[in-house]
Amino acid sequence: MAGYNQYGTCAKCKKQILWIKTKAGKNMPCDTGFVYYKEEAGGKDRIVLPNGQVVTGTIIKESEQADGYGYISHFATCEFSQMFRRKKKRCVG
């Protein structure tokens, strides 16, 4: 895509973000620094891979033991993340 800039700025905290297109075709804002991870079914972290896949695992420091690298969703780290959440519709019944 000509002229596409995958970097942007968070509208609330003003930090630089990296836009990654998920497998579902949506754009996800991520922190720009990559992390190494070990894939684990019960892991507490969600890592967004460069190809848009989201995996569950644990962030680790050592690249030698890592299954790969990815990015953390900016929604998980932004101090204003609650402002981006959509309000749930209430059913009146």
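Is C10 buried or exposed? In this predicted model, C10 is buried, with a relative accessible area of 5%. A disulfide is a covalent bond between the sulfur atoms of two cysteines. With a cut-off of 2.5 Å between the sulfur atoms, the 3.6 Å between C10 and C13 is too far for a bond, and the count of disulfides comes to zero.

Three strands make up an open sheet, ordered 1-2-3, with antiparallel pairing. Strand 1 (7–9) and strand 3 (27–31) stand at the edges and have a single partner strand each, so one side of each is left without a neighbour in the sheet. On average, and with direction ignored, neighbouring strands of this sheet are turned by 45° against each other. Strands of a sheet pair through backbone hydrogen bonds, either parallel or antiparallel.

The pairing of strand 2 (residues 16–21) with strand 3 is antiparallel and runs over five bridges. Within it, L18 has C30 of strand 3 as its bridge partner, while I17 stands opposite D31 of strand 3. The hairpin formed by strand 2 and strand 3 has five residues between the strands, and there G25 takes a positive phi near 85°. In a regular strand the side chains alternate between the two faces of the sheet. Strand 3 itself is mostly covered, as four of its five residues are buried.

What does S73 touch, not counting residues up to four places away in sequence? The contacts of S73 under that condition are M28, P29, C30, D31 and V48. S73 itself is found in the segment after strand 7 and is buried, with a relative accessible area of 14%. The side chain of S73 also reaches the backbone nitrogen of F75, at 3.2 Å.

Charged pairs complete the picture. Side chains of opposite charge can pair when their charged atoms come close. A search of the whole structure finds two salt bridges. In one of them, the side chains of D67 and K38 meet at 3.6 Å, N to O. D67 lies in the loop between strand 6 (54–60) and strand 7 (68–70), whereas K38 belongs to strand 4 (residues 35–39), so the pair ties together parts that are 29 residues apart in sequence. D67 is partly exposed, with a relative accessible area of 41%, and K38 is likewise partly exposed, with a value of 33%.

The other salt bridge joins D45 and K44, whose closest N and O atoms are 3.4 Å apart. How do the two residues of this pair stand towards the surface, buried or exposed? D45 is buried, with a relative accessible area of 13%, whereas K44 is exposed, with a relative accessible area of 69%.

Note on methods
Residues numbered from 1 in each chain as written. Predicted model: local features only at pLDDT ≥ 70, side-chain atom pairs only at ≥ 80, totals over all residues. Heavy atoms only, no water. Pairing = 2+ DSSP bridges. Helix = DSSP H or I, 4+ residues; strand = E, 2+ residues; numbered from the N terminus. Axes fitted to C-alpha atoms, helices over the stretch in contact; angles between N-to-C directions. Salt bridge = Lys/Arg side-chain N within 4 Å of Asp/Glu carboxyl O. Buried < 20%, exposed > 50% of the residue type's maximum accessible area, 1.4 Å probe, protein only. Polar contact = N/O pair within 3.5 Å; in protein donor to acceptor, adjacent residues only side chain to side chain. Contact = heavy atoms within 4.5 Å.
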